[in-house]
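Good morning, colleagues. Today I would like to discuss the salt bridges and disulfides of one protein. Please look at the structure now on the screen.

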Amino acid sequence: MISWKTLLTCTGTAILLAASLPGTALATGTATDCCGSAASWATGNKSALGTSTTNSPVWFTVADGVTSEVFYPRADVPNTQDRQFVVTDGSTFVDLERDATDHVVSMPDEKALQYTITNTAKSGKYRITTDYVTDPARATLVTNTRFQSLDGGSYRLYLLANPSMAGGGANDNAWWDSTGSLMASGTETLFGGTATTVVSALRVSTGFTAHDNGYSGAASDCLADLRADKILNNQFDAVSGTGNVVQCGQIPVGTDTTFTVAQGYGDTAAAATSNASASLSSGFTAVSNSYRSGWNSYLASLKPAPASVSGDTQRRRAYYVAAMALKTAEDKQHPGASVAGLATPWGNFTNGDNLNDGYHRVWGRDLYQQATGLLAAGDSAQAKRMARFLWNAQWIGSPTAGDGTTYPAGSFPRYSPVSGVAGASAQQLGCCEQLDQDADAILLAWLTGLTDAPTYAKVKTTANHIVATGPDTTERWEEQYGKSPSSVAAEIAGLVAAGAVARANGDTASASSWESTADSWRNSLAGWTVTAAGYWGGHTYYERLDRAGNPNDAATICFDEGCFYEHDVTDFGFLDLVRLGIRPAGDATIANSVAPTAAASDGNSAMQVTLPNGDVYFHRYPHDNYGESTADCSGWPAGGNQRFGRLWPVLSGERGQYELANGRSASVYLKSMADSANSGYFVPEQVWDRADAGCFGLGRPTGSAGPLMWAEGQYLRLAQSMDAGHNLDTPSIVKARYGT
């Protein structure tokens, strides 16, 4: 018997030497119709995601009922566009699983990030049920699938894989391996200018009875081939060069068949096939039990679910999932580096030929919001790792090139890869410094007890930098520059925290200087940003931002749809003055600012939207354009001038913390956050804001990032704070100084 043997040249090109595996259809050689259509990523709304609690460096995501981005070896390197099944009867239809089925998401255990996706054909002909885990012992995504014929018909099942290796789909290679694996590889120049190679090996417990490697959208694409005459005619062993490749393998099925798929990863073909083979040998039950046990143990190490969520299934599961999502967001190679999300918002409208960082990078602001949620939930260890990452890997010690800017000593970048600043390109550090992120890093150091002398030396540089360049900065929505109540609030709190760290290190002179600046900015903020000439309500309230520090002038602020008076543009950033202990909860100006922001309307969307079930959500600000097109639901930025930002559940949580600080009930805001969660119980970045237009249901997640890890941290924080009776993230050092 002759076996397949595949060699790789130094460029990764597959060279086929011989032919045939038992039970395998005769292949026809090499696909030469290079190089395939352009790649894209999947929607940002992930209905399932997970990784093991061990150091195994694989993360899976699921969207629209099928596998979407799979990350390896870091939480910022995706290697898959999608992976799904194709079903045909060989004569009358060819179904693509994502499009031809209705999807139901469930959790076998609410205390483990293990998901079951049940996809039932809209025709009623079949059902595909897939359970997702990763192998805690090795770099493998392991899925267990049950295929059922519901009408007694005989069907052919193909596993269709669409690799985007090492962060992009334009330069991939694909071949058939002698182990019975569909192999894919890609090499991209990623972080630090280093060429990164990722190899995947796709194996199935039954063995593939036919296979094909081809180019996306070309004749060699097995889906195109099947759609032509319902039969897989081309069965290529390899492709002729690198491009946007697709792979498929036929899996033998009857009327009720269960099988396991292992997708192993490595930096060589041998490592990838070894991981896939070992995971298959272990068996799905053993791998699943180990995976689930790890998550059960992690949740048991945290505080119990608070009474605010424990009695309600939706709120409780959203709570457990939030805690596990934040654990999942942490990179395995770089402790404390937690990404903002395992998604590219509106990724299906984003070119995927090369790496697009999406939200799988580290923002200091998001890291702080995640960490304070984890502190509230009882994971002080991860929170401290986050603080260490900020000061050891993201802090900038000497002028460093960013994207069109130079970051000065003492600053933090807009964002970074999970490996931090070292080796990152200017583009990977972003466009602009935001002083609230610098201040958040100081706050997190103080909150986690990271006050040692080496860290303090860096804190001192950063605090002096904030004093020298603040309070004006690019604000938290990363779009406008000036004096923003939310940014200045963070700066004030950060300087007070820096003073506490300074005193712990015997530097009372610096402490006094920073505290004096904080006091001055606190006393000046209303004069800078409270208008008495505004359009809304009683005309007196906090603006979103003011450039000149004159809130009653005729200065304008511009958006995609035009320019408007600064004093007519509001947001909820001023609530941070209460959350951070800078102003008392009952502050009259803050109370006066709540009503106009709730009522403000730009003709397209009110700032506050109350759903028929009583849930309350908020837009970020009037004239927000960061969202889908109302006309056709295309994602940002594809929607042109019909593009509008939607409702942000995280703002419901912020409003809840304000109500809690005032001694009022925050229950409706916690409920709203939980109700916004998708079918996997993840709190999304945005939910749809209208019932009369769009591809989404009112109050349901859009194609933006889900989960947004910032929102997951906010949910944990609000739930635990409600039980505590006060906001757990209000810095005691700030509260004490200002008597709030």
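I begin with arginine 146 and aspartate 256, whose side chains meet in a salt bridge with an N to O distance of 2.6 Å. Arginine 146 belongs to strand S12 (residues 140–149) and aspartate 256 to strand S20 (residues 256–266), so this pair ties together parts that are 110 residues apart in sequence. Please bear in mind that the model is predicted. Arginine 146 is partly exposed, at 36% relative accessible area, and aspartate 256 is likewise partly exposed, at 43%.

Let us turn to a pair between helices. Glutamate 515 forms a salt bridge with arginine 503, and their closest N and O atoms are 2.7 Å apart. Because glutamate 515 sits in helix H13 (residues 508–529) and arginine 503 in helix H12 (residues 485–504), the bridge ties together parts that are twelve residues apart in sequence. Glutamate 515 is buried, with a relative accessible area of 9%, whereas arginine 503 is partly exposed at 40%.

A further pair lies within one helix. Aspartate 576 and arginine 579 meet in a salt bridge of 3.0 Å, N to O. Both are in helix H14 (residues 576–579), three residues apart, and are thus separated by about one helical turn.

A search of the whole structure gives 35 salt bridges.

I now move to the cysteines. How many disulfides does the model contain? The count is two. One of them joins cysteine 34 to cysteine 35, with an S to S distance of 1.7 Å. The torsion about that S-S bond is about 80 degrees, so the disulfide is right-handed. Cysteine 34 is partly exposed at 35% relative accessible area, and cysteine 35 is partly exposed at 37%.

Cysteine 558 and cysteine 563 also form a disulfide, with sulfur atoms 1.9 Å apart. This link is right-handed, with 100 degrees about the S-S bond. Cysteine 558 is partly exposed at 38%, and cysteine 563 is partly exposed at 46%. With the bonded cysteines numbered in sequence order, the pairing reads 1-2, 3-4.

Finally, I note two buried cysteines: cysteine 248, at 0% relative accessibility, and cysteine 432, at 13%. Thank you for your attention.

Terms used
Residues are numbered from 1 along each chain as its sequence is written. This is a predicted model: local features need pLDDT of at least 70, side-chain atom pairs count only at pLDDT 80 or more; totals for chains, interfaces and linings use all residues. Side-chain values use heavy atoms; hydrogens and water are left out. A disulfide is a pair of cysteine sulfur atoms within 2.5 Å. Buried means under 20% relative accessible area, exposed over 50%, partly exposed in between (1.4 Å probe, protein chains only). A salt bridge is a side-chain nitrogen of Lys or Arg within 4 Å of a carboxyl oxygen of Asp or Glu. Helices (H or I, at least four residues) and strands (E, at least two) are DSSP runs, numbered from the N terminus.
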